[in-house]
Amino acid sequence: MTALLLRDLKLSIRAGGGALVGVLFFLTVVAVIPFGVGPDLALLSRIGPAIVWIGALLAALLGLDRLFQAERDDGSLDLMLMQETPLVLTVLVKCLAHWIATSLPLVIASPLLGLFMNMSETAIGATMLTLLVGSPAITFIGAVGAAVAVALPRGGLLVSILVLPLTIPVLIFGVSATYSAVEGPSPFLPPFLILIALTLFFAVIGPAAAALALRNTSD
Amino acid sequence: MTALLLRDLKLSIRAGGGALVGVLFFLTVVAVIPFGVGPDLALLSRIGPAIVWIGALLAALLGLDRLFQAERDDGSLDLMLMQETPLVLTVLVKCLAHWIATSLPLVIASPLLGLFMNMSETAIGATMLTLLVGSPAITFIGAVGAAVAVALPRGGLLVSILVLPLTIPVLIFGVSATYSAVEGPSPFLPPFLILIALTLFFAVIGPAAAALALRNTSD
Amino acid sequence: MSETSLAITKFSDLANPTRFLALAARILPWMAAFTALCFIVGLYLSFTTEGDYQQGETVRIMYIHVPAAWLSMMGYTIMSLSAIGTLVWRHPLADVSAKAAAPLGAAFTLIALVTGSLWGKPMWGTWWVWDARLTSVFILFLMYLGLIALNRAIDEPSKAARVSAVLILVGFVNIPIIKFSVDWWNTLHQSASVLRFDGPAIDPEFLRPLLVMAVAFTALFFTLHIMAMRNEIWRRRVAAQRRMAARLASREG
Amino acid sequence: MTHAFYVYGSYAFAALVTVAVTLWTWADGRARRKELAALEASGIRRRSARTKDGV
Amino acid sequence: MHLEAANLAARRGEDLIFEGLSFGLEAGQALVLTGKNGSGKSTLLRVVAGLLRQERGTVSFTDSHGDTHKRVGEISHYLGHRNAMKSELTVAENLEFWRRFLGQMHGPSVSIDEAAAAVGLEGITHLPFGYLSAGQQRRFAFAKLLIAYRPVWILDEPTAALDTSGDRLFAELIEAHRRNGGIVLAATHQPLGLEGVQELRMTGFAHAGSGVWA
Amino acid sequence: MHLEAANLAARRGEDLIFEGLSFGLEAGQALVLTGKNGSGKSTLLRVVAGLLRQERGTVSFTDSHGDTHKRVGEISHYLGHRNAMKSELTVAENLEFWRRFLGQMHGPSVSIDEAAAAVGLEGITHLPFGYLSAGQQRRFAFAKLLIAYRPVWILDEPTAALDTSGDRLFAELIEAHRRNGGIVLAATHQPLGLEGVQELRMTGFAHAGSGVWA
Ligand code: HEM
Ligand SMILES: Nc1ncnc2c1ncn2[C@@H]1O[C@H](COP(=O)(O)OP(=O)(O)OP(=O)(O)O)[C@@H](O)[C@H]1O
Ligand SMILES: Nc1ncnc2c1ncn2[C@@H]1O[C@H](COP(=O)(O)OP(=O)(O)OP(=O)(O)O)[C@@H](O)[C@H]1O
Ligand SMILES: [Mg+2]
Ligand SMILES: [Mg+2]
């Protein structure tokens, strides 16, 4: 399984440039928002965490649709489906690799963006923490969409449509945990714990559903 | 050439439902935003144009990277390269098809989103107009990246470094033109004219550069 | 030849679209009549009962808004049950049922959304707010549309059904969110007053038309669902026969 | 009536959608039945119809 | 060791491609599928590999201890029309990945360099897979079968794109696998030059369109 | 009509694959490339088609009016290892697209249905290309050569994945093209069964590593 993890990481570095696309897209989003809200720094710092979260969510979508399609196109998926290793585990590892290649760099880059958005230290820390904990959930949900996309000849927008509505709870709790850490009055822990719960929940449901979909699309 | 246009449109419709999907995608992205920034209608209407533009950028990026890769993988690119029709024209038509399939539906749906985001009529009109004029530029820039991705199998990183930074000016002038139309005080025309100039500039440079990259594909 | 076709007849009897068609032909007229009757009574009641002292005449919107909202959730539940049928028993009728329910569910969700908006303007002073209930219903609508788009994008019906089934089941998490969002987040929207664990807390004056309308909408849903299922079976039958014709032609030709 | 527009608007919209969906379902069924009849006329018949009844 | 398929039927789209198909293979035996294009050879192989669900019938494998496996894919190598290699990675990286991902079963397997030598291409494993010629790619795809032992080999036109020396080479490797007690199923259009094999001629389309709906 | 290659040399990566290669083909003639895997057959064909830039040498085509074309690709059909068809589209849509995209040249060409019949697959052009078996796909890829006339056919292992009747069919189509005055270049591992062809044996690696740097 480490072999799969390493291979996928290698591939995204060699070919996709996954990490950088994500980070650059993220930067683009963050660069554009100030034009929208104007140079009002107080407002910027207020919506900062939300923008960072939305940027991370959208950036995770880039490249996600081909997570399994690329494997199908060259026949690797066939061999993976045949193995004794539970397919769920294979999916989980591929999710992990995708997360490390695309979302982790965003988590690491988020403090920089926080500075751009004039966020306080607490806000930056809270955003980073919630992102770290919450972004895997997005990848797991996305894996279901990616597995469904194997039945489609090509990837594209459809996958994002199927995936985005399901990610909303993650976004809500991620953002609200950040805000309660910064402004109060509500405590930080409850939404944060729910966020962790969501990630764990989708870490189970996502790969299982993706594996189910993959089993049903092979032909 | 109309044959190519029609084929590409057909392909993107087959792959996922067509124009409906573009609109749905946009709706989904926009539905996600209020969860992040909260249901503050005044704020939403202020960041509305920026969000709509970011949505358009994201939609254009999803799938753009495979514009020529898909053609290479099944060997169609070889036949296209051999033809007498200037390659620039082929690239231009493919860009056009991509734009019609992904960006045009967004342009048409943008008023609806404006309503959701509680934007004023002027803002909606201005967003739609700037999107219509500016979004082709994103496609043309993306085409260069897509072509480079084919020429350099390991050039994934290059693509993102190349493409995303170039789209930032388009985004910035698009958004700022919209805002000056709505709020003033700066006049609408200068940024709008720059936006048109950008689109025209990239309409020439983009396909030419892409064709050059494709010609130099090493195998 | 006759022997094989007999075996096939038995096999398709097991899967049973033919028996379904026979059944549908028998009960559809009755269901249509029942639906019409319920609507006549329901509409009569909704326009003759008293207005609310607080909400005035707008309370009449409730008689369509609430049944439509319920049905939007029920439609998805039916799709989820069908999805289980598809994945576990691989029953072809389950595929058909899920596919036929999607546009109907989307239609009722749209009604709930629009009537809710029309109710919101006089009550809350705005067409739309991004509160939890409203947004989760909006997401339900998007999910319906997404599933319809997915189904159309895969052109092998049984595969489309299996793939959609997985997504339908994953998307089912949204249904409890819709139902309980008003309890979990305090929002503008009314909390449950009919479908509660401790019985309805609503004036019988309003309850009567509401329930009749709910029955009418439900009957309409099922009538249309069976009609749509029948259409889908016919569609597949046409496709199968066309393909058979093409194969035979290419064999003989 | 106080908010006639909203009330009648709601009813009108609901009626519009339900009628549209009903008509669409019905028309779809008719089209399918026509196709089946056309196929039947061109001599392609269902296997089960060949052996016994069938609807 | 025994591979048994009983009364198999499979569907593609809505059409039944074959029906009532049975065969049995003992250790060291091979089955060669022939038949014209579109007759269902690949379909049958995918059913045996567990990649396509059969409509009816069973496939089962009994190993040397007498245990029966229902999922034949797990103890098989499958070489399809596509090579299952990433063109961005080098040959060595590709093979190394599959060696580790597939894991070792009890049986003879060789190192990556030895496998490359066995398919006649030592010394170029450092090249990215995408840089190789069609035949070289096919050879390395075959090398995958040597680096991790699996008793059953399922091969779909293994010699497509190979030169004549490659054909001979593959035939020898297959024979060696059989001598080791392996079982081979192969679909092919050209004679593979194997000895003492069973042959199954596919004809295609049991009953066109005899689906649930028609 | 005359196709002339003079003193060609081509490089793959940094290696010179062949050097000083010349040939000339008149109307109706055919050149068959043979050689082991990786010997540069595909490379040569891609150089002639203009898809790969040669290191040295020239390729030129003189048409029946005596005009000389430098870009041979424009008057050629190229059938590579990959089929250049979209699996999402039906066969008919694919062929229709290529017919319109390639455009008509002065010369015999047939309708899509006739082309499908010519490759032995009439009646299934309404199926999505991706649903076809490997051999059926190859046949339709070949049908592309019939729907738009090009004097020169450049074929890279045209009969890969074909059954024996398919081999014969293709040989006949190629012969028909030659009788019409066409020129054919083909790389192959199996004898194509063509009559009176020139043969060129590729050996590969003129001087390994004799690049600018060595
Ligand atoms: C677009 C806006 C709206 C949407 C999407 C919406 C959605 C829903 C849904 C899904 C239900 C069913 C909930 C359940 O069974 O627990 C419902 C019930 C209900 N809605 Fe709305 N609603 C909207 C606007 C409104 C407005 C403006 C009002 C009135 C001020 C309203 C009043 C009610 C009432 C009274 C119920 C019945 C609650 C019960 O008895 O369980 N809704 N709505
Ligand atoms: N989704 C589908 N819908 C309808 N028919 C299909 C589908 N997929 C495959 N087929 C058909 O199934 C048949 C069997 O294909 P298969 O790939 O098994 O043939 P094959 O014997 O391997 O042929 P080849 O020698 O060309 O590789 C073909 O006629 C093909 O057209
Ligand atoms: N980018 C590259 N760098 C280094 N070597 C390369 C590159 N691309 C191709 N080659 C080598 O060029 C040689 C010629 O390949 P080519 O595809 O022409 O062979 P071929 O004769 O068509 O073989 P086959 O019969 O297998 O199709 C091969 O040895 C291949 O490894
Ligand atoms: Mg095959
Ligand atoms: Mg070659």
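Which residues point one way from β7(F), and which the other way?

1. In this predicted model, F:V152, F:I154 and F:D156 point to one side of β7(F), while F:W153 and F:L155 point the other way, and all of them are buried. Strand β7 of chain F spans residues 152-156 and is mostly covered, with five of its five residues buried.

2. The neighbours of this strand can be followed on both pairings. Strand β6 of chain F, residues 76-79, runs parallel to β7(F) and is joined to it by four bridges, and within β7(F) it is F:V152 that stands opposite F:S76. Strand β8 of chain F, residues 183-187, also pairs with β7(F) in the parallel sense, here over five bridges, and F:A186 in β8(F) is the bridge partner of F:L155.

3. Helix α5 of chain F, residues 164-179, belongs with β7(F) and β8(F) to a β-α-β unit, which is right-handed.

4. Ligand 3 deserves a separate look, because residues from chains E and F surround it and the site is therefore shared between chains. There are 20 residues around ligand 3, and those that come nearest are E:Y131, E:S133, E:G135, F:S42 and F:T43.

5. Polar atoms from both of these chains can be traced to the ligand. From chain E, a backbone N or O atom of E:G135 lies 2.6 Å from an oxygen atom of ligand 3. From chain F, a polar side-chain atom of F:N37 lies 3.1 Å from an oxygen atom of ligand 3, and an N or O atom in the side chain of F:E157 is 3.4 Å from an oxygen atom of the ligand.

6. Turning to chains A and B, a rotation of 174° with 1.6 Å of shift along its axis superposes chain A on chain B, with an RMSD of 1.1 Å. The same surface serves both copies, in that 84% of the contact residues of chain A recur in chain B.

How values were computed. Residues numbered from 1 in each chain as written. Chains lettered and ligands numbered in written order. Predicted model: local features only at pLDDT ≥ 70, side-chain atom pairs only at ≥ 80, totals over all residues. Heavy atoms only, no water. Least-squares fit on C-alpha atoms with pLDDT ≥ 70 in both. Contact = heavy atoms within 4.5 Å. Buried < 20%, exposed > 50% of the residue type's maximum accessible area, 1.4 Å probe, protein only. Helix = DSSP H or I, 4+ residues; strand = E, 2+ residues; numbered from the N terminus. Pairing = 2+ DSSP bridges. Right-handed = clockwise from strand over helix to strand, strands pointing away. Near = heavy atom within 4 Å. Polar contact = N/O pair within 3.5 Å; in protein donor to acceptor, adjacent residues only side chain to side chain.
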